[in-house]
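I opened this entry to keep track of what I looked up, fold first and details after. The notes follow the order in which I went through it.

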Amino acid sequence: NNEAQKKEKEKFFIKKELQSILNLYAKMVSNGSWKDYSFTSGIREVSFNVYQRASEKPFLRILKNLKPKYFNEKYLIKDKNGMILKKSENLNQLIDKTSWNKLRLVK
């Protein structure tokens, strides 16, 4: 029964991961880059979706890959077209090493 609870917990961001993402979100909202967010949960991944306008598709997604093929694909950053911009095995390193101001929406 304990094993089933542990697997159920892993289907979302844990508290430390969510805190890191929300700290980043607060910083980006305060400088005016990001406007809104949402969560998406699936069998293979959980994502934190970032919007510039609430009526559009998310322009950036921070994903936790629940079934990664390679160890460095546990956390991903994808653009709105689904292309992988960055990947890492550690969420904090991924957030710290990314130049968030240089990630811009290209039309």
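Predicted model: local features only at pLDDT ≥ 70, side-chain atom pairs only at ≥ 80, totals over all residues.

**Overall layout**

I counted the elements first: the protein chain has three helices and five strands. Along the sequence, I read the pattern as α-α-β-β-β-β-β-α.

I then looked up totals for the protein chain. Of its 107 residues, 32% are buried. The exposed surface comes to about 7500 Å², and carbon and sulfur atoms supply 50% of that. I also checked how far contacts reach along the sequence. Among contacts with a separation of 6 or more, 28% are between residues 24 or more positions apart.

**The sheet**

In what order do the five strands of the open sheet lie? I traced them as E1-E2-E3-E4-E5, with antiparallel pairing. The edges are E1 and E5, each of which pairs on one side only. From one strand to the next, the twist averages 15°.

Next I went through the pairings. E1 (residues 36-41) and E2 run antiparallel and are joined by six bridges. Three residues lie between E1 and E2, and the two strands form a hairpin.

On I went to E2 and E3 (residues 60-65). They pair over six bridges, again in the antiparallel sense. Glu 45 stands opposite Asn 65 in E3.

At the other end of the sheet, E4 and E5 run antiparallel with four bridges between them. In that pairing I noted Tyr 75, which stands opposite Ser 88 in E5.

Why do I call strand E2 largely enclosed by the rest of the structure? E2 covers residues 45-51, and six of its seven residues are buried, so the rest of the structure largely encloses the strand.

**The core**

Which residues touch the most other members of the largest nonpolar core? I found Trp 34 and Trp 100, in a core of 18 residues. At least two core residues come from each of H2, E2, E3, E4 (75-79) and H3 (91-97). H2 gives the most, with four residues.

Leaving out residues up to four places away in sequence, Trp 100 touches Leu 24, Met 28, Trp 34, Leu 60, Ile 62, Ile 77 and Ile 95.

**A serine in H2**

I also looked up Ser 20. It sits in helix H2 (residues 15-30). Buried or exposed? Its relative accessibility is 17%, so I log Ser 20 as buried; the cut-off for buried is under 20%. Setting aside residues up to four places away in sequence, Ser 20 touches Asn 92 and Ile 95.

**Salt bridges**

How many salt bridges does the structure hold? I found three. Side chains of opposite charge can pair when their charged atoms come close.

I took Glu 17 and Lys 64 to begin with. Their side chains meet in a salt bridge at 3.1 Å, N to O. Glu 17 is in helix H2 and Lys 64 in strand E3, so this pair links distant parts of the chain, 47 residues apart. Both Glu 17 and Lys 64 are buried.

Then came Arg 61 and Glu 45, whose side chains also meet at 3.1 Å, N to O. This pair links strand E3, which holds Arg 61, with strand E2, which holds Glu 45, across 16 residues. Glu 45 has a relative accessible area of 24%, so I log it as partly exposed.

Lys 87 and Glu 73 form another salt bridge, with their closest N and O atoms 3.4 Å apart. Lys 87 belongs to strand E5 (residues 84-88), and Glu 73 to the loop between E3 and E4. They are 14 residues apart.

Are these two partners buried or partly exposed? Lys 87 is partly exposed, with a relative accessible area of 41%. Glu 73 has a relative accessibility of 16%, so I log it as buried.

How values were computed. Residues numbered from 1 in each chain as written. Heavy atoms only, no water. Buried < 20%, exposed > 50% of the residue type's maximum accessible area, 1.4 Å probe, protein only. Contact = heavy atoms within 4.5 Å. Pairing = 2+ DSSP bridges. Core = buried A, V, L, I, M, F, W, Y, C linked by side-chain atoms within 4.5 Å. Salt bridge = Lys/Arg side-chain N within 4 Å of Asp/Glu carboxyl O. Axes fitted to C-alpha atoms, helices over the stretch in contact; angles between N-to-C directions. Areas by Shrake-Rupley, 256 points an atom, 1.4 Å probe, with all protein chains shown as cover.
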